[in-house]
Amino acid sequence: MRKGLSYILLVAALLAGCDGNAPRSTEEASEANGQNDTTLLSIAVTPTLDCLPLFVASDHHLFEKQGLQVRLDSYQSQMDQDTALAASRVSGMTTDLVRAERLRGQGTALSYATATQASWQLLTSRTARIKQPHQLRDKMVAMTRFSATHLLCDLMVDSAKLPTEHVFRIQVNDVAVRLNMLQVGNMDALLLPEPQATAARNMKAHVLYDTRPADLWLGVMVFREKAVDANRLRLLQKVYDEACDSLNERGLAAYADVIMRRCNVSRRTVDSLPTHLNYPHWQQPRDRDLQRAQEWLKKNRQ
């Protein structure tokens, strides 16, 4: 127990240092210069594969071909995205249903554009020697509070029939920091999206849980209400579907350069990505996934 608390204090200190130096988004830089173009759609993204259709559309000029002005503002954590959206610094963002529903509950008016391909894996350090969920007792799990990763951590704890207070949920918002903590051995287990999950598996991390075979789809793209009109949303959907078709037909290897640059991962990581990843067309989140997020938030309201 004392060891766990010491680690918590260490992580808290690390996060305090990281949060204060969070990079400013392109949108914030534009505001500082007095720019405010109402025809521009600014979408907050993170360096993860659920954003890949947007990365492909931007890097291959698919938005411009449809007459759309779209800028992707990169953030390292979902919390920074939330702040930008709530403050109207961005038009929309990629996120998960838990965080989106929490924002709505806090008074941010937003609408769902499409579900995304987002998935997560719960991985454990090879030095932690954790092979089964019940071995998470008195272990630290890195995640983001009030997000899909928080919900997934709770699912694992419940399925293992562990007392909830015996699994230390450590808030580490930046996925790159989370991955680095696994690499240096500062964390027992952590929840990661792709491609960071693949990078962790290349480090011999063990997979305890995967949302894909569990048929749990919590990724979503949202926009502030009235931030995008129906015509631009229709064109955005057309571009998104085109990018998804290209990814599904050509495969991830055809966009290795995009993935390496946008997600800051190595060629080895890209070459190791699952070959069965599929990008569905623009579609609303499923009712059962939305209900799962709403029920979890109601149970964990704070």
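Serine 147 is found in the loop between E6 and H7; helices (H or I, at least four residues) and strands (E, at least two) are DSSP runs, numbered from the N terminus. The structure is a predicted model, in which local features need pLDDT of at least 70 and side-chain atom pairs count only at pLDDT 80 or more, while totals for chains, interfaces and linings use all residues. Residues are numbered from 1 along each chain as its sequence is written, and side-chain values use heavy atoms, with hydrogens and water left out.

The relative accessible area of serine 147 is 0%, so serine 147 is buried. Buried means under 20% relative accessible area, exposed over 50%, and partly exposed in between, with a 1.4 Å probe and protein chains only. Contact means heavy atoms within 4.5 Å. Leaving aside neighbours within four places in sequence, serine 147 is in contact with Gln78, Asp96, Val98 and Arg99.

### Strand pairing

Asp96 also belongs to strand E3 (residues 92-96), where five of the five residues are buried. Gly92, Thr94 and Asp96 point one way from E3, and Met93 and Thr95 the other way. In a regular strand the side chains alternate between the two faces of the sheet. Strand E6 (residues 139-143) is mostly covered, with four of its five residues buried.

Two strands pair if DSSP finds at least two bridges between them.

| Strands | Sense | Bridges | Bridge partners |
|---|---|---|---|
| E1 (residues 41-45) and E3 | parallel | two | isoleucine 43 and glycine 92 |
| E6 and E7 (residues 167-171) | parallel | five | alanine 142 and isoleucine 170 |
| E6 and E8 (residues 189-193) | parallel | two | alanine 142 and leucine 190 |

E6, H7 and E7 make a right-handed β-α-β unit. A crossover is right-handed if, with the strands pointing away from the viewer, the path from the first strand over the helix to the second runs clockwise.

### Nonpolar cores

A nonpolar core is a set of buried Ala, Val, Leu, Ile, Met, Phe, Trp, Tyr and Cys residues joined through side-chain atoms within 4.5 Å. The largest has 42 residues, and those with the most contacts inside it are Leu122, Leu136, Val141, Leu191 and Val222. H7 supplies the largest share of this core, six residues. Apart from it lies another core, of 38 residues, among them Leu41, Ala256, Ile259 and Val265.

Not counting residues up to four places away in sequence, leucine 191 touches Trp120, Gln121, Leu122, Val141, Ala142, Met143, Thr149, Leu152, Cys153 and Arg178.

### Helix H13

Helix H13 (residues 287-299) has 13 residues, which at 1.5 Å a residue should span 18 Å, and its end C-alpha atoms are 18 Å apart, in agreement. The expected span is 1.5 Å times one less than the number of residues. The buried residues of H13 are Asp289, Leu290, Ala293, Trp296 and Leu297. They cover an arc of only 130° around the axis, which puts them on the same side of H13; the arc is that of the directions from the helix axis to the C-beta atoms. An α-helix has 3.6 residues a turn, so residues three or four places apart point the same way.

These buried residues of H13 pack against helix H6 (97-105), strand E4 (110-115) and helix H7 (148-159). The face of H13 turned away from its buried side carries the exposed residues Asp287, Arg288, Lys298 and Lys299.
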